[in-house]
Amino acid sequence: MTAPEVVAHRGATAEAPEHTLAAYRNATQVGADAVECDVRMTRDGVLVCVHDRRVRTTSNGRGVVSALHLAELEQFRFGARRGRRDRWADDTITAVSDEPDVEDGRVLTLDRLLEYVTATPGSVRLAIETKHPTRHASRVEQELVRSLRRYGLLQGERPAQWGGRPAFRVMSFSQLAVRRVQALAPAVPTVQLIGKRLRAVRTELLAGSMSAVGPGVALVRADPGFVAEAHAAGKQVHVWTANRPADIDFLIGLGVDAIITDRPDEALRRLGRGTTPAA
């Protein structure tokens, strides 16, 4: 059995706010195999890494991402989700030798994330989730494919290969979005994310042409046989979002292909790849 890939969910978010370059740097430093990001399109057609439709829970602003221009989003400060103590709010420069993080609090565009990832190609792969529904519909996937080509991650019809594996994959809960990516770039690996679906519907999904399915950890707990069923259908299984050691161990035992987690350091330890061996 091949060990699962460890994917840092929105970066290493136990150590820094989600969808910040700090979170992605942390994920790279702890040795995550890949990082996950959510993308939404602004009113002026820019892809930004923001999970929620509205920005109020992760910034000091208000509004819907798709209705705001990038310049408006850049007026807000993004950080830890409301309701959680912001451990980074009190960071101060204490000496002239300290370098301020110019990205701290700034909305992260997909372009800046791609710049970071491609600066050291091969060190970490990308799992990109397009968020729907949105007023922009197919423009999201069209612009995503253009961005991937612009940064050399999509070469002709095929994704760049890092360490013998595709440098990125595209995921969505929207079946239509997955099909759009397949039509735009047929060789790109795609993941059909699965929320609360009846077993018959989940089984039907396995007949699709996506590379992998992405069930939630609660679904896999309730129906562990789905992993073997997906593998028998030729699909990889990428499970979200597993943070508890017991869940990580459970997924390792089932032989899933990727574990998406807020705690990549913990998942790596459970796999014997971290700095401290798993207990």
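Pro133 lies in the loop between β4 and α4. A cis peptide bond, with omega about 0°, joins His132 to Pro133. The model is predicted: local features need pLDDT of at least 70, side-chain atom pairs count only at pLDDT 80 or more, and totals for chains, interfaces and linings use all residues. Residues are numbered from 1 along each chain as its sequence is written, and side-chain values use heavy atoms, leaving out hydrogens and water. Helices (H or I, at least four residues) and strands (E, at least two) are DSSP runs, numbered from the N terminus.

**Nonpolar cores**
- A nonpolar core is a set of buried Ala, Val, Leu, Ile, Met, Phe, Trp, Tyr and Cys residues joined through side-chain atoms within 4.5 Å.
- Buried means under 20% relative accessible area, exposed over 50%, partly exposed in between (1.4 Å probe, protein chains only).
- The largest core holds 34 residues; Cys37, Leu110, Leu113, Leu126, Leu148 and Phe168 have the most contacts inside it.
- Elements giving two or more residues to this core are α1 (21-30), β2 (34-41), α3 (110-119), β4 (125-130), α4 (139-150) and β9 (168-172).
- A second, separate core has 23 residues, including Val178, Val217, Phe226 and Val237.
- Leu113 touches Tyr24, Cys37, Cys49, Leu108 and Leu126, leaving aside residues up to four places away in sequence; contact means heavy atoms within 4.5 Å.

**Backbone exceptions**
- Most residues other than glycine have a negative phi, and most peptide bonds are trans.
- Arg10, not a glycine, has a positive phi of about 60°.
- Arg10 sits in the loop between β1 (5-9) and α1, and is buried at 12% relative accessible area.
- His19, not a glycine, has a positive phi of about 55°.
- His19 is in the loop between β1 and α1, and is buried at 5% relative accessibility.
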